[in-house]
Protein chains: 2
Amino acid sequence: MTGTPRPRTPGTRDRILTAAREEFSARGYEKTSVRGIAKAAGVDSALVHHYFGTKEQVFEAAVEVAFAPAMNAPNAVADGPVEGVGERLTRFVLGVWDNPATRAPLVAILRSAVTNETAAAVFRRLVATQLMRRVAAQLHLPDAELRAELAAAQIVGTALMRYVIKLEPLASADLEQIIARVAPVVQGHLTAP
Amino acid sequence: MTGTPRPRTPGTRDRILTAAREEFSARGYEKTSVRGIAKAAGVDSALVHHYFGTKEQVFEAAVEVAFAPAMNAPNAVADGPVEGVGERLTRFVLGVWDNPATRAPLVAILRSAVTNETAAAVFRRLVATQLMRRVAAQLHLPDAELRAELAAAQIVGTALMRYVIKLEPLASADLEQIIARVAPVVQGHLTAP
């Protein structure tokens, strides 16, 4: 079917991505099918394959959209004095988690990554390569990647306990109080001697 | 059927628990059924209900067994000088994760807790109440529970990134190197002014 002109209604690609995000969120990676995404978007499965390729590639594209604001953040996070990078990173990531509108795709990504190896690989590529390594690159330290991953472990662990497992008192604590406690730890991981 | 004498072969209860742990590990909480556990254990479903009750209660019992070594640990972790509690706790929890034999049930618990609210509630009860709060109780600080949860966030986040998501270089780093970096952070969460 390659070469056949296809209907490229403006917005079709976005509609497929929205459907994909909703399907992956609701069902998890394993139970979601390209056919189900196509049906939810009101298009033919072949069109989904045409735009994105395999299910893994649809997932990656859907995750990338969810992370789109974050993809511009590393520069903003890394810019500015290095003494404040821990707070900027913590405030940014927990802020995205704290917003109910942006939390749902993150929960979906985390759930999929914890239960499925393919989704974990997508998580690794996006979070590690695109987000944390761009922060790490600004540190100019030989062990910057390990530092960035331990910082990510504190932030993602906090998000997991607060927003997914909902441990109390952490789940109900004021966000600023949590940032005040987590940011110095993240700063320490990133820059302490 | 209450009151009817039942075969209480020594080891039947353990056999059911082993089957339950294997079923929950392999299938996750939602796809596991009491009937499937009974079948794997070679007993009648009624016997599983008799010993444990509902699926949630079987899950909790299976998790408790997986956590059994940990259930005695809080005292060992909390005993001794408070300056070393961060390292004792980090070494203990990451040590359990680092052992392939004890890692499987932990991955199963985490997967179930991330994808299912009932399993998350069991995780909350066991980890929060039985493990972290017993550590927190030794701290004699007003915000001890929040401190313990942020410490748990760092340790569980590290385990998640290292053993489940398998982020590199964290996944291949030497365990002692990881403990050396995580323990002071855990200590800080627990006891820093």
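Guide: A polar contact is a pair of N or O atoms within 3.5 Å; within protein, one must be able to donate a hydrogen and the other to accept it, and residues adjacent in sequence count only if both atoms are side-chain atoms. Here, the side chain of A:Gln187 reaches the backbone oxygen of A:Glu83 at 3.4 Å. Bear in mind that this is a predicted model, where local features need pLDDT of at least 70 and side-chain atom pairs count only at pLDDT 80 or more, while totals for chains, interfaces and linings use all residues. Side-chain values use heavy atoms, without hydrogens and water, residues are numbered from 1 along each chain as its sequence is written, and chains are lettered from A and ligands numbered from 1 in the order in which they are written.

Visitor: Is A:Gln187 buried or exposed?

Guide: Buried means under 20% relative accessible area, exposed over 50%, and partly exposed in between (1.4 Å probe, protein chains only). A:Gln187 has 14% relative accessibility, so it counts as buried.

Visitor: Which residues does A:Gln187 touch?

Guide: Contact means heavy atoms within 4.5 Å. Leaving out residues up to four places away in sequence, A:Gln187 touches residues including A:Val82, A:Gly84 and A:Ala192.

Visitor: Where in chain A is A:Gln187 found?

Guide: Helices (H or I, at least four residues) and strands (E, at least two) are DSSP runs, numbered from the N terminus. A:Gln187 is in helix 10 of chain A, residues 175-191. Chain A has 10 helices and 0 strands.

Visitor: How much area do chain B and chain A bury between them?

Guide: The size of an interface is often given as the accessible area lost when the parts come together. Buried area is that loss (1.4 Å probe), summed over both parts. For chain B and chain A the figure is about 3500 Å², with 71% of it on carbon and sulfur atoms. The contact takes 40 residues from chain B and 39 residues from chain A.

Visitor: How many salt bridges does the rule find across the interface?

Guide: A salt bridge is a side-chain nitrogen of Lys or Arg within 4 Å of a carboxyl oxygen of Asp or Glu. The rule finds 2 across the interface of chain B and chain A. A:Arg181 forms a salt bridge with B:Asp143, with the closest N and O atoms 2.4 Å apart.

Visitor: Why do the copies meet through the same surface?

Guide: Because 98% of the interface residues of chain B are also interface residues in chain A.

Conventions
Buried area is the accessible area (1.4 Å probe) that two parts lose on being put together, summed over both.
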